[in-house]
Amino acid sequence: MTKEELWKAVLGEMELSLSKANFTTWFKNTSILANEGTSVIVGVPNGFIKEWLENKFHKQILTSIQTFSPEIREISYTIGNSLPQSNVKKDFSQFITERVFENKQPADINPQTNLNKKYSFDSFIVGSHNELAHAASSAVAKNLGKAYNPLFIYGGVGLGKTHLLQATGNKILEDDPTKKVLYIPSERITAEIVESVRNKNVEELKSKYAKLDMLIVDDIQFIAGKEKTQDIFFATFNELYGKNKQIILSSDRPPKAIPALEERLRSRFEGGMIADINTPDFETRLAILKLKTKQKDIALDENVLGYIATNIQKNIRELEGALNRIIAVSQIYNKNLDVKEVKKLLATYLSTPYKKTTPQLILKSVSDFYNISPNDLIKRSRKKEVVRPRQIAMYLLREETKSSFPEIGQKLGGRDHSTVIHAYEKVKTEEETDEITKQEIVLIKERIYQSFDK
Ligand code: ADP
Ligand code: MG
C-alpha cells in the first residue's frame with residue numbers, strides 16, 4: 001500500500017464517522033508526507049488543524065491507520081504539504097468546501113481598474129427592485145459625465161450594488177478601452193489617503209485621481225467620521241466634477257442617513273441622481289436563480305428553485321450561496337435533490353424569522369462542537385481549550401439572539417461587557433478573514449438549528 005493509498009483509506013474511515021462538514025474542516029488538504037515503516041508523518045495545512053488532529057483525532061487516526069498498516073506505532077503531524085495536489089484524491093467533502101468558498105478565491109481582477117470581469121450588465125437581472133438604479137447606470141455608461149453626475153446608488157447588503165457599479169465600469173471600458181476608470185471601495189480610498197498623508201504625498205494621490213474619466217467609490221458610508229479623508233475626497237470630487245468626469249458612489253443608506261458626513265459632501269452627493277435598490281420580488285429571485293444555474297450549466301428541479309426563491313428573500317448573495325450549496329451536494333450524490341432534502345440542507349440559510357433559538361441551545365451546541373462541557377464556558381478558566389469556544393459562544397449569542405453585551409456577559413459567568421465586545425469583534429473579523437473559523441461557525445449553526453427539527 002503506498003502512503004497515498006493508506007491515507008485515502010484512513011480518510012475514508014474518518015469520513016464515515018464524522019459529519020461531512022466536520023470532516024472537511026479537519027481533513028481537507030491533509031496527506032501522509034512520509035511513511036517510515038513504524039511511523040508516519042501527516043502534513044496538515046495549518047497550526048490550528050495540527051493541534052486539533054493531535055488533541056482530538058489522534059487516537060482515532062492511529063486506530064484507523066493500524067487496521068490497514070498494523071506495524072505503524074507512531075504518527076506525527078507537521079504543517080505543510082509537499083505532495084503535489086493531483087496525488088490526493090479529491091474527496092467529496094473537499095469538493096463541497098471548494099464550492100462553498102469559491103466566491104472567496106481571487107478572481108479575475110484588473111489591477112489597473114480593480115474591476116472584475118464577472119460583473120456585467122448581461123449577468124444582471126433587472127426587476128422592479130433595481131429598475132431605477134439599473135436604468136441610471138446604463139445611462140451613465142452611455143453618456144459618461146453627462147447623464148447623471150454623481151450617480152449615488154444605495155441599498156442593503158447583498159442586493160447588487162457592487163455588481164451594478166462594476167458592470168458600469170466594465171461597460172465603459174468595453175466601449176472605449178482608452179478611458180481611465182477606477183473602482184475603489186471606500187475603505188481602500190481611506191487607506192490610500194491616510195498613507196499619502198503619512199508619506200506627505202497627498203498632491204500626488206490627488207493628481208492620480210484627477211486623471212480619471214470615472215471614479216467609482218463603493219460603500220462610501222465608511223468615510224463617515226473620517227475628517228481628513230472627507231477633506232481630500234471633497235477636493236477630488238470637485239476636481240473631477242468640474243471637468244465633467246463621472247463619479248459613481250454606493251452606500252448602504254441614502255446620503256442624508258449617513259452620520260458624521262460633512263454637510264458639503266452630503267449636498268454634493270445629493271446633487272446628482274440618487275437611486276435605490278430594494279429587495280427583489282419572488283419572480284426576480286427565481287430569474288436570478290435560473291440565470292446562475294444557466295451560467296454554471298446545471299439543471300435543477302423547478303420546485304427546488306422555487307423553494308429557494310420562496311425562502312431566501314432579503315439578500316441575493318445568500319440566494320447564490322444557497323444555490324451553490326445545493327449544486328455541490330447534488331453533484332456529490334449525483335442525483336437531483338428533492339424539496340425535502342433541500343429544506344434540510346438550507347436550514348442555516350433560511351431567514352424565516354420564527355426560527356428562534358435560545359441561549360441554552362447555543363451554549364450546548366458550542367460546547368458539544370468543541371467537546372467540552374457547557375459549564376466550562378461559564379467557569380473562570382482561561383485554558384486555551386475553553387477560551388476560544390467561549391468567544392465563539394459570545395459571538396453567536398450576539399448574532400443569533402441579539403442579546404445585549406452585558407446580558408451575554410451575565411450568561412457567561414458574570415463577565416464584563418467589554419470582554420464580550422472584544423470577543424465578538426475578534427470572532428467577527430476572523431469569520432470574515434479565516435476559512436476555518438467561518439467553517440466552524442457554519443457547523444455550529446447547523447447544530448443549533450438542526451436540533452429544532454428533532
Ligand atoms: P452589494 O454590493 O449590494 O452588497 P453585490 O453586488 O455584491 O451586493 O451582490 C451580491 C451577489 O448577488 C453578487 O454575486 C451579485 O453578482 C449577485 N447579484 C446581485 N444582484 C443581482 C442581479 N440583479 N442579477 C444577478 N446577480 C445579482
Ligand atoms: Mg458591495
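Student: Which backbone oxygen does the side chain of S367 reach at 2.8 Å?
Tutor: The side chain of S367 reaches the backbone oxygen of L363 at that distance. The side chain of S367 also reaches the backbone oxygen of K364, at 3.2 Å. Such a polar contact is a pair of N or O atoms within 3.5 Å; within protein, one must be able to donate a hydrogen and the other to accept it, and residues adjacent in sequence count only if both atoms are side-chain atoms.

Student: Before we go on, where do these values come from?
Tutor: This is a predicted model, in which local features need pLDDT of at least 70 and side-chain atom pairs count only at pLDDT 80 or more, while totals for chains, interfaces and linings use all residues. Residues are numbered from 1 along each chain as its sequence is written, chains are lettered from A and ligands numbered from 1 in the order in which they are written, and side-chain values use heavy atoms, with hydrogens and water left out.

Student: Back to S367. Which helix is it in, and is it buried or exposed?
Tutor: S367 lies in helix α15, residues 359-370. Helices (H or I, at least four residues) and strands (E, at least two) are DSSP runs, numbered from the N terminus. S367 is buried, with a relative accessible area of 0%. Buried means under 20% relative accessible area, exposed over 50%, and partly exposed in between, with a 1.4 Å probe and protein chains only.

Student: What does S367 touch, leaving aside its neighbours within four places in sequence?
Tutor: S367 is then in contact, meaning heavy atoms within 4.5 Å, with I372, S373, P374 and L377.

Student: And S137, where is that?
Tutor: S137 is in helix α5, residues 131-142. S137 is buried too, at a relative accessible area of 1%. Leaving aside neighbours within four places in sequence, S137 is in contact with F121, L151, I153, L164 and T168.

Student: Which residues in the largest nonpolar core touch the most other members?
Tutor: Of its 51 residues, they are W7, F27, L53, I61, I65 and L396. A nonpolar core is a set of buried Ala, Val, Leu, Ile, Met, Phe, Trp, Tyr and Cys residues joined through side-chain atoms within 4.5 Å. A second, separate core of 45 residues includes F124, I153, L165 and L173.

Student: What about α1, which residues are buried there?
Tutor: In α1, they are L6, W7, A9, V10, L11 and M14. What covers them includes α2 (20-27), β1 (31-35), β2 (39-44) and α3 (47-68).

Student: And which residues are buried in α19?
Tutor: V420, A423, Y424, V427, E430 and E431 are buried in α19. Seen down the axis of α19, they fall within an arc of 135°, so they line one face of the helix. That arc is taken from the directions from the helix axis to the C-beta atoms. The face turned away from the buried side of α19 carries the exposed residues E432 and T433.

Student: Changing topic, what does ligand 1 have polar contacts with?
Tutor: A nitrogen atom of ligand 1 is 2.8 Å from a polar backbone atom of I125. A polar side-chain atom of R317 lies 2.9 Å from an oxygen atom of ligand 1. An oxygen atom of ligand 1 is also 3.2 Å from a polar backbone atom of L159.

Student: Last one, how many helices and strands are there?
Tutor: The protein has 20 helices and 8 strands. Buried residues make up 47% of its 454 residues.
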